Amino acid sequence: MVVLGAGNMFPWIFEEILRDIDEISADWQIAVKKAAGGIDCLEFRVEKVSGSDEQLTKVIQENIQVRFNDIWKNYMVGMCDLKFTFMNRGDLRTGRKIKRLVDERNDY
């Protein structure tokens, strides 16, 4: 679990957000970082199989809004930021297991 401006985040939340998106692989990672102004940023790092970055960003944002509206509301009022990074298949896996949720803020 990671605590940030959008609330307490667990890996299962992101599994639910990314579920049923055929255009991405099963390998993904969420990084919690500091954005401009010191707010927390959720960076979705996903491996793209097909589709454009813009299309996939829109699908993920819609899933957040529908499946976890509290996160979306916090984003809309500026309590957190969202970033989407699309990678090629195989770029995220450096070992046997991917760490799904990482805290990359320097103040922890």
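## Ala31 and the strand pairing

Ala31 stands opposite Val102 in β6. This is a predicted model, in which local features need pLDDT of at least 70 and side-chain atom pairs count only at pLDDT 80 or more, while totals for chains, interfaces and linings use all residues. Residues are numbered from 1 along each chain as its sequence is written, and side-chain values use heavy atoms, with hydrogens and water left out. Helices (H or I, at least four residues) and strands (E, at least two) are DSSP runs, numbered from the N terminus.

Strands β3 and β6 run parallel and are joined by three bridges; two strands pair if DSSP finds at least two bridges between them.

## The sheet

Take a step back to the whole sheet. Four strands make up an open sheet with mixed pairing, in the order β5-β4-β3-β6. Its edge strands are β5 (80–87) and β6, each of which pairs on one side only. On average, neighbouring strands are turned by 20 degrees against each other, direction ignored. For such angles, axes are lines fitted to C-alpha atoms (for helices, over the stretch in contact), and values run from 0 to 180 degrees between N-to-C directions.

## Helices on the sheet

Helix α1 lies across β3, β4 and β6 and runs at about 130 degrees to β3. Helix α3 (residues 69–76) also packs on the sheet, touching β4 and β5, and its direction makes about 110 degrees with that of β5. Contact here means heavy atoms within 4.5 Å.

Which residues of α1 are buried? They are Ile13, Phe14, Ile17 and Leu18. Seen down the axis of α1, these buried residues fall within an arc of 125 degrees, so they line one face of the helix; the arc is that of the directions from the helix axis to the C-beta atoms. As background, an α-helix has 3.6 residues a turn, so residues three or four places apart point the same way. Buried means under 20% relative accessible area, exposed over 50%, and partly exposed in between (1.4 Å probe, protein chains only).

Asp20 follows α1 and has a positive phi, near 70 degrees. Arg67 forms a salt bridge with Asp20, the closest N and O atoms being 3.9 Å apart. Because Arg67 lies in helix α2 (residues 53–67) and Asp20 in the loop between α1 (11–18) and β3 (24–34), the pair ties together parts that are 47 residues apart in sequence. Asp20 counts as exposed at 56% relative accessibility, whereas Arg67, at 28%, is partly exposed. A salt-bridge network links Glu16, Arg19, Asp20 and Arg67.

Asn63 also sits in helix α2, and its 13% relative accessibility makes it buried. Leaving aside residues up to four places away in sequence, Asn63 touches Ile17, Arg19, Ile21 and Phe68.

## Arg105 and its two partners

The structure holds eleven salt bridges, each defined as a side-chain nitrogen of Lys or Arg within 4 Å of a carboxyl oxygen of Asp or Glu. Arg105 meets Asp40 in one of them (3.2 Å, N to O). Asp40 lies in strand β4 (residues 40–48) and Arg105 in the segment after β6 (101–103), so this pair ties together parts that are 65 residues apart in sequence.
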